[in-house]
Amino acid sequence: VFNSLAPSNNTLPLDRALLKHEDEKKRVYNERVLEVEKSTFSPIVCSTTGIFGNEAEKFYRQVAVLLSNRSGQSYQDIIRYIRQRLSFCILKTTIASLRGFKGTKVTRFISDRNDINLLYIINNLTNSF
């Protein structure tokens with residue numbers, strides 16, 4: 001997550017700033033992931049305004065397709081859920097970075113029935129790899 005309005009990013013168009021941060025993450029992490037973990041690396045980059053980079057969009061689309069196939073729920077419902085949860089996570093992160101973290105209590109995730117169903121599917125999907 002980066003601040004697109006920061007002086008270091010403000011001079012670039014948003015798509016170029018996203019690409020710059022994706023390339024930076026690839027430069028730092030890609031070699032280690034390929035050599036040590038024998039895996040691929042897709043940087044998840046987004047701005048504080050909620051705009052995702054190309055690699056992040058591809059990743060979330062693929063996750064939504066896999067979850068949709070596995071669960072039988074529609075792709076639109078799955079991708080909407082993913083984007084909604086990510087939007088709230090970004091919002092919480094942005095607020096905490098602007099005003100600072102206040103307090104020591106960590107709140108637990110409280111979900112409704114649909115969240116539990118989807119989280120169960122995600123858990124089973126990740127355990128099957």
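**Entry 1. Chain overview**

Reading along the sequence, I recorded the pattern α-α-α-α-α for the chain. I counted five helices and zero strands, where helices (H or I, at least four residues) and strands (E, at least two) are DSSP runs numbered from the N terminus. I note that the model is predicted, that local features need pLDDT of at least 70 and side-chain atom pairs pLDDT 80 or more, and that totals for chains, interfaces and linings use all residues. Residues are numbered from 1 along each chain as its sequence is written, and side-chain values use heavy atoms, with hydrogens and water left out.

I looked up burial and found that 26% of the 129 residues in the chain are buried; buried means under 20% relative accessible area, exposed over 50%, and partly exposed in between (1.4 Å probe, protein chains only). Among contacts between residues at least 6 apart in sequence, 49% join residues at least 24 apart, a contact being heavy atoms within 4.5 Å.

**Entry 2**

Two packed helices are described by the angle between their axes and the distance between the axes.

I recorded the crossing of helix 3 and helix 4 as right-handed, meaning that the near helix is turned clockwise from the far one by less than a right angle. Helix 3 contributes Glu57, Tyr60, Arg61, Val63, Ala64, Val65, Leu67, Ser68 and Ser71 to the contact, and helix 4 contributes Tyr75, Ile78, Ile79, Ile82, Arg83 and Leu86. I sorted the residues of this contact into 10 nonpolar, two polar and three charged. For this sorting, Ala, Val, Leu, Ile, Met, Phe, Trp, Tyr, Cys and Pro count as nonpolar, Asp, Glu, Lys and Arg as charged, and the others, Gly among them, as polar.

**Entry 3. Helix 3 itself**

Within helix 3, I found Glu55, Ala56, Glu57, Tyr60, Ala64, Leu67 and Ser68 buried. Gly72 follows helix 3 and has a positive phi, near 85°.

**Entry 4. Single residues**

I placed Val45 in the loop between helix 2 and helix 3, and its relative accessible area of 3% makes it buried. Beyond neighbours within four places in sequence, Val45 is in contact with Phe2, Leu18, His21, Glu22, Lys25, Ile51, Phe52, Gly53 and Ala56.

Lys38 lies in the loop between helix 2 (14-35) and helix 3. I found Lys38 exposed, at 68% relative accessible area, with a positive phi near 50° in a residue other than glycine.

I located Asn9 in helix 1 (residues 7-10), buried at 4% relative accessibility. Not counting residues up to four places away in sequence, Asn9 touches Phe2, Asn3, Ser4, Lys20 and His21.

Tyr81 belongs to helix 4 and counts as buried at 13% relative accessibility. I noted that Tyr81 and Ala64 are 17 residues apart in sequence and 9.3 Å apart in space, C-alpha to C-alpha.
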